[in-house]
Each structure stands twice: as structure tokens, then as C-alpha cells.
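Subject: Structure handover

Hello,

Please find the structure below, followed by notes on what was found in it.

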Amino acid sequence: MLRRTLPSYTRPSLLCRHMSVVAKSLKYTQHGEPQDVLQLVEDKLADPKNKQVLVKILAAPINPADINTIQGKYPVKPKFPAIAGNEFVGEVVCVGDQVKSLQPGTHVVPLASGLGTWTTHGVFNEEHLLGISNKVGLAEAATITVNPCTAYRMLKDFVKLSPGDTIIQNGANSGVGQAVHQLCRAWGIKSVGIVRNRPEIAELKKMLQSLGATAVLTEEEMRTSDIFKSGKLKRPQLALNCVGGKSATEVSRHLNDRGVMVTYGGMSREPVTVATGPLIFKDIAFRGFWMTRWAKENFNAAERKQMFQELCQLIEQGKFVAPTHEMVPLSKFKDAAAAALNFKGFTGKKFILDMSC
């Protein structure tokens, strides 16, 4: 559930005076590899004023986009010195005298990108924060604004899907992939996931099926599968691509007439190549999606509020869980950052900085 606006007489803004909070932050002054350019720095924070909010960060994930931003390979370019990170869940410590929607003790997540979240404390504008129920787990709350929202929007905005319809996705074990499977299960949609082969493939398939995947196939198995020809499943009207290259081409071949492929990542660093036959004879379409852009263009949209309400509700009902993850002490940030882009192994495990350690 989302927090309601509080009457002005209930706002304990007097608690904000002379807090003398010292924040430990991961800052960088130039682009480069995280382990080389990130420094753990201490800064004394000023008391929040007007519509500002002092937040104690509880947990903050390390996303691939965060690493790319530090490296200077992402479209968003921060002003130096910059605090790394884009997602978090925190607890309001105190508020400025013009804050109306938040109070001390409220759990919050960011509504804007580029706030700098790899820090123990931060002062943010009220409009950039969303209060959420403290019944939402820390890992789920810390990771709610990127991967689940990306999955939600791609399933809602490109093709009108109904219960019983099918979608197909590569990178099915990624953070977004895991979110897609769970949302499809909640909405009665069949989801087919494609993953790379690996020694632990049986265990990976079982894990994804437990999240809601209807079927999980390796890239090699997908090339010879009759899963859509045998009538077991409808041909998909929607394909989700985060890999690119040959994987994207193969997935697009399975789309139904006038199906749509949405590309939201490119882990292989290879371009999306369109198969001529399906493009001409099936009239399939190719689109792109970037959550940061959608969030900026729909900052105050009713659809955005509804999205967060529905995701939080699913989490509280136990129908949606955080991606496979590991909580890491802030002091171990270099090891965690170096591992964040390592896609080898069982699954794309997400590392979450635990700010209490």
C-alpha cells in the first residue's frame, strides 16, 4: 500500500533540527572501473529544509546500469563529484517544515534516477520519494523501481495481452526475466524463457518454473522445439530481448503474425539482426524500451501510481519476490561491484549493499 498525505498538524518537523548526521558515501570524481574510481567518503549532512527529507538508507542494489554509469558507458552522465547508485529503500529520519506526505519512520524508495543512493544517509526532495508499506521486504523494496517496473511496463504497453496468451523472452534468469515470469503467473499469461546452457541447467529451470515460467529452454533446445507447433502453447505476440545478436534473431522467429519484439538490453554487445522472412511475411515489429525515459515522461502519471500499488500488493500477498540476490556489507563494495557484471554461473545474482553493516 502507498502512504497517504498526512495533515500538517501531524508532521513532526521539529525533529529535524541539529541532527548532525555523518553519511558514508561511495563517490567518484572520474569515469573508470568501480574498484578503481569509487572511494568511501564521509560527509556531514545539513538538516533538511522546506520540502527536503533526511533518509537513512537501509539497502541499495548494484545494477548493471550503475556500473555502466560509473564507467562512462551509459547515456546518463553525472556531475562530479558523484555518489553512485540509483535504487534504494530507506527510512525517513526527519523532514523539512513544508513536507506533507512523509513522516519519520516511513519507508521510501526513489521516484527519480541519478539521486546517488550508495550512501548511508541522504537528503532528498519530497517529490523524488515514494512512501511504501514497511510490510514490503527490504530486498523487494530496494529493487522495485527498475526491474519489476521494466517488466510491468513491457507487458502492459506494447501488446494487449489476455489470460492464456504467451510471451517469450531471452535472458530469462535476469532480474527483469524473473520479474516477467512472476507477473505473467499473476496475470494468467504463459511465459517461455530462453537461457544459456550451463552445468546447473536443471536447477536453473526448476527455479524459474517455481517463479511462474511455463517452460524454460536453452538456446539450443529452442532451435529444435515444437512447443508452438504442437498446439501446446499459442505462438507469442510479444518477445522480450535483453541479449541481442543471434539470440534475439532466433527468438523473433517464433513470434506470431504482427508480433512485437521489445529490446531493453544488449548483454551480448551484438546488434539486433532482423530475419527477413518473419519481417516480411509476418509483419513483425521491433521496439525499444528504457525505464528511465518512461519514468521521466510519466513522472506524475496515474499509470505510474497504479503500477507501484499493484507491485506492492503482489509483494505483500507473497506473489512477487526479489530476484536471486546476496546482501553485501558496504565495506565490501569493490568485490560486489566487480562481480555485478559477471554473468557466468547459475543465475544473474543481484548484489545489494547492506547499509547497516
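Which residue in β15 does threonine 263 stand opposite? Threonine 263 faces glycine 288 there.

Some ground rules come before the rest. This is a predicted model, in which local features need pLDDT of at least 70 and side-chain atom pairs count only at pLDDT 80 or more, while totals for chains, interfaces and linings use all residues. Residues are numbered from 1 along each chain as its sequence is written, and side-chain values use heavy atoms, with hydrogens and water left out.

Domains
The chain splits into domain 1 (2-143 + 322-354) and domain 2 (147-289); the bounds come from an automatic or database domain assignment. Between the C-alpha centres of domain 1 and domain 2 there are 31 Å.

The parallel sheet
Helices (H or I, at least four residues) and strands (E, at least two) are DSSP runs, numbered from the N terminus. Two strands pair if DSSP finds at least two bridges between them. An open sheet of six strands runs in the order β11-β10-β9-β12-β13-β15, with parallel pairing. Its edges are β11 (215-218) and β15 (285-288); each has a single partner strand, so one side of each has no neighbour in the sheet. On average, neighbouring strands of this sheet are turned by 20 degrees against each other, direction ignored (axes are lines fitted to C-alpha atoms, for helices over the stretch in contact, and angles run from 0 to 180 degrees between N-to-C directions). Four bridges join β13 (residues 260-263) to β15 in the parallel sense.

Below, buried means under 20% relative accessible area, exposed over 50%, and partly exposed in between (1.4 Å probe, protein chains only). Helix α8 (residues 245-252) is largely enclosed by the rest of the structure, because seven of its eight residues are buried. Among them are Gly245, Thr249 and Glu250.

Phenylalanine 281 belongs to helix α9 (residues 276-281) and, with 72% relative accessibility, is exposed. Together with Val274, Leu279 and Ile280, Phe281 makes a nonpolar surface patch of about 410 Å². Patches are made of residues with over 30% relative accessible area and no salt bridge, like charges being joined within 9 Å and nonpolar side chains (Val, Leu, Ile, Met, Phe, Trp, Tyr) within 5 Å. Accessible areas come from the Shrake-Rupley method with a 1.4 Å probe, and for residues only the protein chains shown count as cover.

The antiparallel sheet
Three strands form an open sheet in the order β2-β1-β4, paired antiparallel. At its edges are β2 (39-45) and β4 (82-83), each pairing on one side only. Strand β1 (residues 21-28) pairs with β4 over two bridges, and lysine 27 stands opposite isoleucine 83 in β4.

Salt bridges
A salt bridge is a side-chain nitrogen of Lys or Arg within 4 Å of a carboxyl oxygen of Asp or Glu. The count by this rule is eight salt bridges. One of them joins aspartate 43 and lysine 27 (2.8 Å, N to O). Aspartate 43 is in strand β2 and lysine 27 in strand β1, so this pair ties together parts 16 residues apart in sequence.

Another joins arginine 258 and aspartate 283 (3.7 Å, N to O). Arginine 258 lies in the loop between α8 and β13 and aspartate 283 in the loop between α9 and β15, so the parts tied together are 25 residues apart in sequence. Arginine 258 is exposed at 61%, whereas aspartate 283 is partly exposed at 43%.

Regards
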